[in-house]
Amino acid sequence: MKHAWKVVALALTLVGISPGPAAAQDKPIELKFSSWVSAVHGHHTGVMVPWARMIEEKSKGRLKVTIYPGSTLGKPADHFDMVKDGIADMGFTTPGYTPGRFPLIAATELPLLFKSSQGGSLAVMSIFDKYFKAEFKDVKVLWFWVHPPGHFHFARKPVHKLEDLAGLKIRAATPMLTTMVKTLGAIPVSIPAPDTYTALERGTVDGTIFPWEAISSFKLAEVLRHHAAIGLYVAPLFTMMNQRKYDSLPPDLRKVIDDLSGTWGAEFNGKVWDQNELVGIDAIKKAGATIYTVPPEERQRWAAKLKPVEEEWVKSMETRGLPARQLLVDLREAVKKYDP
């Protein structure tokens with residue numbers, strides 16, 4: 001009888017302590033997602049928030065993505081190293097913040113390659129493993145995308161042909177854009193995006209180069225009168241995860257992330273960014289400004305003028321033993337397929 005009571009006591013003890021481990025297992029794994037755009041930016045509201053919700057739903061609450069917007073955890077240019085070093089579990093950035101660190105991906109910044117964010121993003125992802133994966137081996141790349149092509153926007157003078165650009169001061173955000181602007185005969189001026197409004201208003205610059213959405217988000221419709229649609233460039237961006245954090249997850253949770261990444265992520269992201277372009281175009285129309293679409297024959301003149309930019313980039317990569325020329329061949333083939 002005494003032995004039976006010991007068995008009952010032991011069983012009660014086990015029952016009493018069992019909720020502890022069960023509760024620990026029920027607690028979701030939190031993933032800190034660092035972002036340098038504000039909580040009202042279209043990427044935050046249209047991509048990151050819905051994606052975080054999908055991760056939580058598909059993991060049945062076992063994963064929770066907490067977004068820290070507005071550079072709460074660090075500066076934009078620091079985001080790659082923040083994720084690599086585990087300061088954040090997830091984040092996104094653009095290679096343009098660290099020129100030269102990821103040389104081959106700069107191919108996507110070359111002039112007049114893409115027509116849309118969705119198609120361009122799918123094209124880049126289709127050759128990611130072959131050309132770009134090795135450059136980003138220090139993190140788990142979830143997906144790459146390119147923003148919609150950037151166009152010319154002017155405060156006072158309309159530009160319809162190549163010669164109209166001569167001597168104009170144009171804001172250029174990246175080294176590649178600076179080279180393009182010079183090659184086209186204009187004068188590049190380096191100004192942070194948030195300062196563009198004041199620079200246009202004061203005449204510090206005559207124009208800028210942005211996707212359409214930026215006209216709305218930076219309220220530039222108020223100081224711009226003329227727009228030349230040509231699709232000059234895109235910037236590549238990518239969503240990433242700390243490799244150790246990813247590897248620490250159970251296989252089924254890694255699959256949740258994988259299923260919402262890669263080609264799926266590029267297409268989802270690109271589609272949202274393309275839709276956001278309509279907001280900028282609407283702001284331009286409401287302001288009564290003009291949008292001039294550069295015709296194909298004139299666009300060919302611009303392309304011929306910019307050809308040396310591409311050749312110079314190819315040569316600079318080949319001197320480092322990198323397959324730049326074949327990369328461009330494959331990228332153009334991918335663009336024909338995904339972004340015709």
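Select Trp36, Tyr97, Ala193, Phe210 and Phe218 to begin: of the 39 residues lining the largest pocket, these lie nearest its centre. A pocket here is an open set of points on a 1 Å grid over the protein atoms alone, where a 1.4 Å probe fits, with protein on both sides within 12 Å along at least five of seven lines; lining residues have an atom within 4 Å of a point. The model is predicted, with local features needing pLDDT of at least 70 and side-chain atom pairs pLDDT 80 or more, while totals for chains, interfaces and linings use all residues. Numbering starts from 1 along each chain as its sequence is written, and side-chain values use heavy atoms, without hydrogens or water.

Next, colour the elements that give two or more residues to this lining: α3 (42-58), α7 (175-183), α9 (212-217), β10 (236-241) and α12 (262-286). Helices (H or I, at least four residues) and strands (E, at least two) are DSSP runs numbered from the N terminus. The pocket has a volume of about 1,000 Å³, taken as the space filled by probe spheres set on the points. Its lining comprises 25 nonpolar, 10 polar and 4 charged residues.

Show side chains for Met176, Thr179, Met180 and Thr183 in α7, which meet Lys305, Leu306, Val309 and Trp313 in α13 (contact means heavy atoms within 4.5 Å). By class, this contact has 5 nonpolar, 2 polar and 1 charged residues.

Now go to the open sheet of 6 strands, ordered β7-β6-β8-β5-β9-β11 with mixed pairing; strands pair if DSSP finds at least two bridges between them. At its edges are β7 (187-189) and β11 (290-293), each pairing on one side only. Neighbouring strands are turned by 30 degrees against each other on average, direction ignored. Select β6 (residues 169-171), which runs parallel to β7 and is joined to it by 3 bridges. Ile170 has Pro188 in β7 as its bridge partner.

Finish at the other open sheet, where 5 strands follow the order β2-β1-β3-β10-β4, again with mixed pairing. Strands β2 (63-68) and β4 (140-146) each have a single partner strand, so one side of each is left without a neighbour in the sheet. The twist averages 20 degrees from one strand to the next. Select β1 (residues 29-34): 6 bridges pair it with β2 in the parallel sense, and Phe33 stands opposite Ile67 in β2.

Methods
Nonpolar A, V, L, I, M, F, W, Y, C, P; charged D, E, K, R; others polar. Axes fitted to C-alpha atoms, helices over the stretch in contact; angles between N-to-C directions.
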